[in-house]
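Trainee: I would like to go through this model with you, one question at a time. Please show it first.

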Amino acid sequence: MNTQFSPFEESLWHATAIKAPLTSSLEEVIKTDICIVGGGYAGMSTALELAKDGISVILLEAKEPGFGGSGRNAGHCTPTFHYYSLTALRKVLGIERAKNLIQRQTSGANIAAEYIQKYQIDCEWRQNGYFEGALIKSRLSLLQKKAESYAEVGCPSILITSEQAKKLTGSDRFFGGWLLKSGGHLNPLSYARGMARAVLQEGGLIFTESKVDEVEQINNGWAVKTSKGKVIADKVIMCTGAYTDGGWKDLDKTFNIQKVFVAATNPMPKDVRRKVLPFDGTMHDGRGDICVYKYDGEGRLVVSMFPVGKRGRDLPYTKKMLLDRLRWLHAAIPEGTQWDYFWFGELDMQRHTIPRLYHLAPGVIGCTGLSGRGVPTGTMLGGILSDWVRGVRDQELALPLEKLSTVPAYMKIAPSLMLRWYGIRDHIAARLEGTELPPHA
Ligand SMILES: Cc1cc2nc3c(=O)[nH]c(=O)nc-3n(C[C@H](O)[C@H](O)[C@H](O)COP(=O)(O)OP(=O)(O)OC[C@H]3O[C@@H](n4cnc5c(N)ncnc54)[C@H](O)[C@@H]3O)c2cc1C
């Protein structure tokens with residue numbers, strides 16, 4: 001079991017998020033229809049969907065809402081699949097199930113927008129689009145395919161020219177790129193805390209500092225036990241993600257932990273903001289070894305990358321590398337820019353990269369493996385997991401219910417090998433095209 005999670009308090013969001021609603025720990029025995037374990041987006045969107053419909057629901061969280069990936073991510077809400085093409089997804093899931101999942105995932109940012117609007121969640125929400133650029137010309141054909149495939153399923157998705165990309169992003173480095181207008185970004189911890197408040201508002205109960213140690217079958221349901229209390233429920237949903245700390249045996253073996261780091265600059269002056277990312281959306285530089293960035297509510301540039309080699313391990317090098325990379329993309333970023341915040345977090349990686357639903361026992365399911373698109377995915381999962389509660393047949397669920405299985409051993413090294421390979425591939429393509437490489441690439 002991995003309980004060596006990165007410190008929660010180091011993130012920008014921890015310093016700037018709205019206050020969490022008042023909650024307490026479980027110190028009694030309570031009966032409910034549904035017990036949810038884990039207060040991340042997946043658990044809370046499910047609690048919200050159920051509570052809204054008058055189903056009695058109790059959510060137990062080991063620490064506080066948003067303690068896991070949901071409170072410390074980079075804040076991009078990009079409603080796409082980051083590994084599978086839509087065609088590949090149809091092959092993996094079958095046409096009907098894929099159609100259902102694609103519809104839900106591509107609506108992820110709109111569902112977030114609805115929650116934010118309905119429950120007045122103050123979380124720096126912007127829905128100005130997601131831009132994935134082409135730093136090498138040959139990448140444009142791939143982006144064109146992506147743009148077309150998402151447009152075919154009804155998304156506001158287009159390929160844009162280098163002039164349009166320059167106007168949108170302020171950078172003249174791109175040969176063009178893919179613009180998905182439905183993409184959004186936010187302060188993730190504020191969103192998580194706002195969701196928790198919404199669950200309470202709809203009549204759901206949340207207990208914090210209430211780590212579930214055991215889920216035990218009893219006569220007509222389940223006893224979900226913490227050190228000081230117990231919830232008796234008809235059905236249980238485990239949504240403990242990368243931050244799984246006990247609760248259900250071997251659920252933490254369904255994924256491997258992949259670290260990610262996020263860094264935030266000092267607030268950019270107004271004149272810089274007019275030139276750098278004037279569209280105030282999510283920016284993906286389009287390299288396989290991804291670098292994604294956006295503004296927070298105070299005008300800080302928030303950038304995330306995967307640690308590879310000394311990147312992430314050697315802090316002074318990493319900070320210099322990040323600034324060199326951003327300033328290469330946007331010359332208007334001042335030379336003396338500081339990194340005010342730098343933090344790590346954990347992803348629950350598994351080879352499918354779409355979330356996995358596990359049938360753990362009659363009346364108990366687990367959902368892990370959201371990988372790196374958890375903001376829209378966790379948000380839309382409430383719809384799928386509440387379908388299961390309402391008795392939608394397994395065949396009709398948007399995700400298959402699988403037997404608990406251990407993540408293949410190669411997943412320990414596969415993500416970092418892939419990143420290295422993508423880096424080499426981009427390197428070779430740039431050399432062949434005679435295109436300048438970003439610094440430290
Ligand atoms: C650094 C970083 C950057 C990321 N950037 C992005 C991004 O920009 N966009 C994006 O879409 N996704 C991003 N992600 C991924 C996204 O944050 C996650 O996929 C998503 O938040 C996972 O949500 P979840 O509900 O599955 O789990 P989590 O949010 O991890 O929640 C699980 C909760 O379960 C609780 N728990 C664990 N064990 C127990 C127990 N025994 N009893 C009770 N409670 C328990 C934990 O305390 C935790 O609060 C990023 C992740 C990280 C770490």
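Trainee: Is E96 buried or exposed?

Mentor: This is a predicted model, in which local features need pLDDT of at least 70, side-chain atom pairs count only at pLDDT 80 or more, and totals for chains, interfaces and linings use all residues. Residues are numbered from 1 along each chain as its sequence is written. A residue is buried if 20 or more other C-beta atoms lie within 10 Å of its own, exposed if 12 or fewer, and partly exposed in between, with C-beta atoms placed from the backbone. E96 has 12 other C-beta atoms within 10 Å, so E96 is exposed.

Trainee: Where is E96, and how many Å apart are E96 and Q395?

Mentor: Helices (H or I, at least four residues) and strands (E, at least two) are DSSP runs, numbered from the N terminus. By that numbering, E96 belongs to helix α5, residues 95-106. In sequence, E96 and Q395 are 299 residues apart; C-alpha to C-alpha, the separation in space is 9.8 Å.

Trainee: Which domains does the assignment give, and how many Å separate their centres?

Mentor: Domain bounds come from an automatic or database domain assignment. Domain 1 is 12-74 + 189-253 + 352-407, and domain 2 is 130-181 + 257-349 + 414-433. Taken over C-alpha atoms, the centres of domain 1 and domain 2 are separated by 31 Å.

Trainee: How many residues of domain 2 are in contact with domain 1?

Mentor: Two residues are in contact if their C-beta atoms, placed from the backbone, lie within 7 Å. Domain 1 contributes 13 residues to these contacts, and domain 2 contributes 15 residues.

Trainee: Which residues come nearest to the ligand?

Mentor: A residue is near a molecule or strand if its C-beta atom, placed from the backbone, lies within 6 Å of it. There are 44 residues around the ligand, and the nearest are G40, G68, G241, G345 and G374.

Trainee: Which element gives the most to the shell around the ligand?

Mentor: Domain 1 and domain 2 each supply at least three residues of the shell. Elements that each supply at least two residues include α2 (41-52), β12 (256-265) and β16 (339-349). With four residues, the element that gives the most is α12.

Trainee: Which strands are at the edges of the eight-stranded sheet?

Mentor: Two strands pair if DSSP finds at least two bridges between them. Eight strands form an open sheet with mixed pairing, in the order β5-β6-β4-β13-β14-β15-β12-β16. Each edge strand pairs on one side only, and these are β5 (157-161) and β16.

Trainee: At about what angle does helix α11 run to β15?

Mentor: Axes are lines fitted to C-alpha atoms, for helices over the stretch in contact, and angles run from 0 to 180 degrees between N-to-C directions. Helix α11 (residues 315-329) lies across β12, β15 (301-305) and β16, and its angle to β15 is about 115°.

Trainee: Which residues stand opposite E132 in β6 and in β13?

Mentor: Strand β4 (residues 130-133) is covered on both faces, with Y130 and E132 buried on one side and F131 and G133 buried on the other. β4 runs antiparallel to β6 (residues 176-180), joined by four bridges. With β13 (residues 282-284), β4 pairs in the parallel sense over three bridges. The partner of E132 in β6 is W178, and in β13 the residue opposite E132 is H284.

Trainee: Which residue of β2 is the bridge partner of I34?

Mentor: In a regular strand the side chains alternate between the two faces of the sheet. In β2 (residues 57-60), V57 and L59 point one way and I58 and L60 the other, and all are buried. β1 (residues 29-37) and β2 pair in the parallel sense over four bridges, and the partner of I34 is V57.

Trainee: What is the phi of E209?

Mentor: Most residues other than glycine have a negative phi. E209 lies in the loop between β8 (205-207) and β9 (214-218). E209 counts as partly exposed because 16 other C-beta atoms lie within 10 Å. E209 is not a glycine, yet its phi is positive, at about 45°.
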